[in-house]
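Thanks for coming, everyone. Please have the sequence and the structure open while I talk. I will go from the core to the metal site.

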Amino acid sequence: MQTIEQPTKETVLQTWNKRPLIISGPCSAETEEQVLATAKALAATGKVDMIRAGIWKPRTKPGMFEGIGAKGLPWLQQAKKLTGLPTTVEVANGKQVQDALTFDVDVLWIGARTTVNPFSVQEVADALRGVDVPVLIKNPINPDLELWSGAVERVARAGIKQIGLIHRGFHTYGNTEYRNAPMWHLAIEMKLRNPEMMIINDPSHISGRRDNLSEIMQKAIDLDYDGLMIESHIDPDKAWSDAKQQVTPERLNEILEKIIWRREDVNSEEYHAALEKLRQQINHLDDELMQILSQRMRIAEQIGQYKKENNITILQTNRWNEIIEKAFAKGDRIGLSKEFIMKYFDAVHMESINHQKKVMDA
Ligand code: PEP
Ligand code: MN
């Protein structure tokens with residue numbers, strides 16, 4: 001039998017630094033056969049760098065499948081032995097950290113339900129003190145960057161050198177398109193706050209379904225994410241957790257095949273020069289737009305003055321409806337969406353009213 005090279009601290013670090021970093025595996029480890037079959041099929045794609053599996057599952061209601069527990073750790077050890085791929089599991093308390101490390105899990109991750117709780121994050125961080133293991137931190141369930149940053153700080157203060165971020169979307173009440181709203185701007189803001197930290201996208205928990213995984217993945221790659229964590233199961237329909245969002249390793253292979261990866265040749269001088277020129281043009285246009293907006297506000301102030309002298313109300317609905325209808329029609333012709341026109345005119349209108357009000361109150 002061919003011997004498969006096993007990950008070492010050094011090679012795990014190389015994997016950690018690979019771009020794009022692709023992590024995949026089942027939502028939950030269920031049986032030894034399921035873990036091994038999934039891991040082998042994922043490895044066979046040649047596109048997966050690390051195997052994930054949930055061993056302890058934080059569930060909303062008791063009685064749901066709460067994970068197989070430490071009993072599943074040897075299965076992951078075996079999956080690593082058979083594939084040569086490093087493994088990662090979610091940890092939510094000190095005991096889980098110890099158990100995972102005892103069974104040679106290579107990378108740990110903190111789940112979204114744990115990131116929201118500073119007590120739990122601190123307990124995990126305390127268990128990590130003096131340990132050399134990379135840690136991924138998922139965004140908290142609720143859209144609060146301070147909680148996410150707080151978790152990063154706690155883990156960093158425990159002495160962990162390799163910390164990465166996972167963007168898995170945020171809970172919003174009544175949201176239907178996604179299981180968890182991506183709120184891309186929050187993830188981008190987090191990346192801006194931590195420029196040297198890798199950020200990977202978890203389309204599975206954002207989507208909650210199979211049909212729009214690739215769309216979310218492509219968006220993440222277009223936004224320069226460092227990698228992806230996608231749930232994959234050998235028999236998704238029969239999965240004990242998150243069945244609707246898991247795909248077979250074969251399907252994952254197809255999806256990854258179709259992703260358009262960013263060009264790697266970002267060092268090309270020609271590319272930089274072209275980009276720089278376009279950015280200059282955008283700066284120039286933005287500047288002009290601001291000048292024009294400022295002129296518009298000066299005119300609004302003059303109208304305000306006129307209304308004041310003639311005792312007319314600021315808000316004149318008819319006039320406003322007329323403006324917005326015209327703008328929709330024009331926007332349609334020149335390629336600006338109705339949604340944008342609405343937001344833009346609302347903002348301009350508000351600013352305009354404020355300027356007029358200042359004049360009238362003066
Ligand atoms: C998971 O990765 O299976 C999981 C529980 O994710 P999250 O913490 O993002 O809900
Ligand atoms: Mn899951």
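One definition before we start. A nonpolar core is a set of buried Ala, Val, Leu, Ile, Met, Phe, Trp, Tyr and Cys residues joined through side-chain atoms within 4.5 Å. Buried means under 20% relative accessible area, exposed means over 50%, and partly exposed is in between, with a 1.4 Å probe and protein chains only.

Now the ground rules. This is a predicted model, where local features need pLDDT of at least 70 and side-chain atom pairs count only at pLDDT 80 or more, while totals for chains, interfaces and linings use all residues. Residues are numbered from 1 along each chain as its sequence is written, chains are lettered from A and ligands numbered from 1 in the order in which they are written, and side-chain values use heavy atoms, leaving out hydrogens and water.

First, the overall picture. The chain has 362 residues, and 46% of them are buried. Its secondary structure comes to 14 helices and 8 strands. Those are DSSP runs numbered from the N terminus: helices are H or I with at least four residues, strands are E with at least two. The C-alpha trace spans about 90 × 50 × 40 Å along its principal axes. The chain exposes about 19,900 Å², with 53% supplied by carbon and sulfur atoms. Those areas come from the Shrake-Rupley method with a 1.4 Å probe; for residues, only the protein chains shown count as cover. A contact means heavy atoms within 4.5 Å. Take the contacts between residues at least 6 apart in sequence: 74% of them join residues at least 24 apart.

On to the core. The largest nonpolar core has 60 residues. Val 89, Leu 108, Leu 128 and Ile 137 have the most contacts inside it. What does Leu 128 contact, leaving aside its neighbours within four places in sequence? Val 97, Leu 108, Val 133, Val 135, Val 155, Ala 158 and Ile 160. There is also a second, separate core of 12 residues, including Leu 21 and Trp 109.

Next, Thr 88. Thr 88 sits in strand β3, residues 87-90. Its relative accessible area is 0%, so Thr 88 is buried. A polar atom of its side chain lies 2.8 Å from the backbone oxygen of Val 107. Beyond four places in sequence, Thr 88 touches residues including Ile 23, Arg 52, Trp 109 and Met 229.

The buried residues of α11 are Pro 249, Leu 252, Ile 255 and Leu 256. Seen down the axis of α11, they fall within an arc of 115°, so they line one face of the helix. That arc is taken from the directions from the helix axis to the C-beta atoms. The face turned away from the buried side carries the exposed residues Glu 257 and Lys 258. What covers the buried residues of α11 includes β1, α2, α10 and β8.

α10 has its own buried set: Leu 213, Ile 216, Met 217, Gln 218, Ala 220 and Ile 221. These pack against α8, β7, α9, β8 and α11. After α10 comes Asp 224, with a positive phi near 75°.

Finally, the metal. Which residues are the protein donors of the manganese ion, ligand 2? Cys 27 (SG), His 205 (NE2), Glu 231 (OE) and Asp 242 (OD), lying 2.1 to 2.4 Å from it. Donors are N, O and S atoms within 2.8 Å of the metal (3.2 Å for Na, K and Ca); water is not among the atoms, so sites may look incomplete. The spacing along the chain is C-x177-H-x25-E-x10-D. His 205 lies in helix α9 and Asp 242 in the loop between β8 and α11, so the pair ties together parts that are 37 residues apart in sequence.

His 205 is buried at 8% relative accessible area, and Asp 242 is buried at 16%. A polar contact of 3.1 Å joins the side chains of Asp 242 and His 205. Another, of 3.1 Å, joins the side chains of Asp 242 and Arg 179. By polar contact I mean a pair of N or O atoms within 3.5 Å; within protein, one must be able to donate a hydrogen and the other to accept it, and residues adjacent in sequence count only if both atoms are side-chain atoms.

Asp 202 is buried, at 0%. Its side chain makes a polar contact of 2.8 Å with the side chain of His 205. Asp 202 and His 167 are 35 residues apart in sequence, but 5.9 Å apart in space, C-alpha to C-alpha.
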